[in-house]
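Please look over the sequence and the model before reading the points below.

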Amino acid sequence: MIPSEKLLRYLEDLAKEEHPKVNGKEYSRSQVLLAERLVREVQNAIGIASQKPKLSRRRAFIVILEELYYNVPKYPKELTLHGIHRRASQRFEYMNRDIKSFTTPMEVHPKDPCTFYEDNAYGKARYRSALQHLVLESHRYFQVPEAEASLKILFEDVKLC
């Protein structure tokens, strides 16, 4: 019997391929993602669910910020990273422990990234890289489908500016 974690890793690797093949038979990416989702749901149903997904602190914060504020033009003035950190810690395991890099939600996930990173090409490239990872693996991290779709649109905008 194949351990479920090994099966999940195999499905994750297959999902990254453009034309996934198993034993010579080609599958669509959506079929592979569906299989992965099914394995995760079965794990949850029988109580062997894997640990929290691992993300960098910035990516975890972006997921939480996007889910909470995807349809709002500006963040509330009273919003702090402490509350975002608490929510992200409940859902994700951090791959890095550095918390001093960012001090405000706008530094983590600006509402208008093209303007925010206008004079900072390096910062924009790092932000675009974080978004790209989240967009490619969005089915693993997002619980709000509208936020997932919003992030994909934002990523396309950031690629163009």
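The model is a predicted one. It holds nine helices and four strands, and 35% of its 161 residues count as buried.

**Overall form**

- Along the sequence, the secondary structure runs in the order α-β-β-α-β-α-α-β-α-α-α-α-α.
- The C-alpha trace spans about 50 × 35 × 25 Å along its principal axes.
- The accessible surface of the protein is about 10300 Å², and carbon and sulfur atoms make up 54% of that area.
- Among contacts with a separation of 6 or more, 66% are between residues 24 or more positions apart.

**Nonpolar cores**

- The largest nonpolar core has 29 residues, and the members that touch the most others are Ile62, Leu131 and Leu151.
- Helices H3, H4, H7 (121-136) and H9 (145-160) each give this core at least two residues.
- Helix H3 supplies the largest share of the core, with seven residues.
- Beyond its neighbours within four places in sequence, Ile62 is in contact with Val108, His109, Tyr127, Ala130, Leu131, Leu134 and Leu151.
- There is also a second, separate core of seven residues, with Leu11, Val32, Leu33 and Val39 among them.

**Aromatic rings**

- The whole structure contains five aromatic pairs.
- Tyr69 and Tyr75 form an edge-to-face pair, because their planes stand at 90° with the ring centres 5.6 Å apart. Both of these tyrosines, Tyr69 and Tyr75, are buried.
- Phe92 and Tyr141 also pair edge-to-face, because their planes are at 65°, which is over the 60 degrees required. The centres of these two rings, Phe92 and Tyr141, are 6.2 Å apart.
- Phe92 belongs to the loop between helix H4 (81-91) and strand S4 (93-94), while Tyr141 is in helix H8 (residues 138-141), so their pairing ties together parts 49 residues apart in sequence.
- Phe92 and Tyr141 are both buried.
- One aromatic cluster is made up of Phe116, Tyr117 and Tyr127.
- Arg57 places its charged end over the ring of Tyr94, at 4.1 Å from the ring centre.

**A buried glutamate**

- Glu67 is part of helix H3 (residues 57-69).
- The relative accessible area of Glu67 is 11%, and the residue counts as buried because this is under 20%.
- The side chains of Glu67 and Arg91 are joined by a polar contact of 2.5 Å.
- Apart from neighbours within four places in sequence, Glu67 is in contact with Arg91, Tyr141, Phe142, Gln143, Val144 and Ala147. Tyr141 in this list is also the ring partner of Phe92.

**An exposed asparagine**

- Asn23 lies in the loop between strand S1 (21-22) and strand S2 (25-26).
- The relative accessibility of Asn23 is 83%, so this residue counts as exposed.
- Asn23 has a phi near 50°, a positive value in a residue that is not glycine. Most residues other than glycine have a negative phi.

Technical notes: Residues are numbered from 1 along each chain as its sequence is written. This is a predicted model: local features need pLDDT of at least 70, side-chain atom pairs count only at pLDDT 80 or more; totals for chains, interfaces and linings use all residues. Side-chain values use heavy atoms; hydrogens and water are left out. Rings of Phe, Tyr and Trp (its six-membered ring) pair if their centres lie within 6.5 Å; planes under 30 degrees apart count as stacked, over 60 as edge-to-face and the rest as tilted. Buried means under 20% relative accessible area, exposed over 50%, partly exposed in between (1.4 Å probe, protein chains only). A charge sits over a ring if NZ of Lys or CZ of Arg is within 6 Å of the ring centre and within 35 degrees of the ring normal. A polar contact is a pair of N or O atoms within 3.5 Å; within protein, one must be able to donate a hydrogen and the other to accept it, and residues adjacent in sequence count only if both atoms are side-chain atoms. Contact means heavy atoms within 4.5 Å. A nonpolar core is a set of buried Ala, Val, Leu, Ile, Met, Phe, Trp, Tyr and Cys residues joined through side-chain atoms within 4.5 Å. Accessible areas come from the Shrake-Rupley method with a 1.4 Å probe; for residues, only the protein chains shown count as cover.
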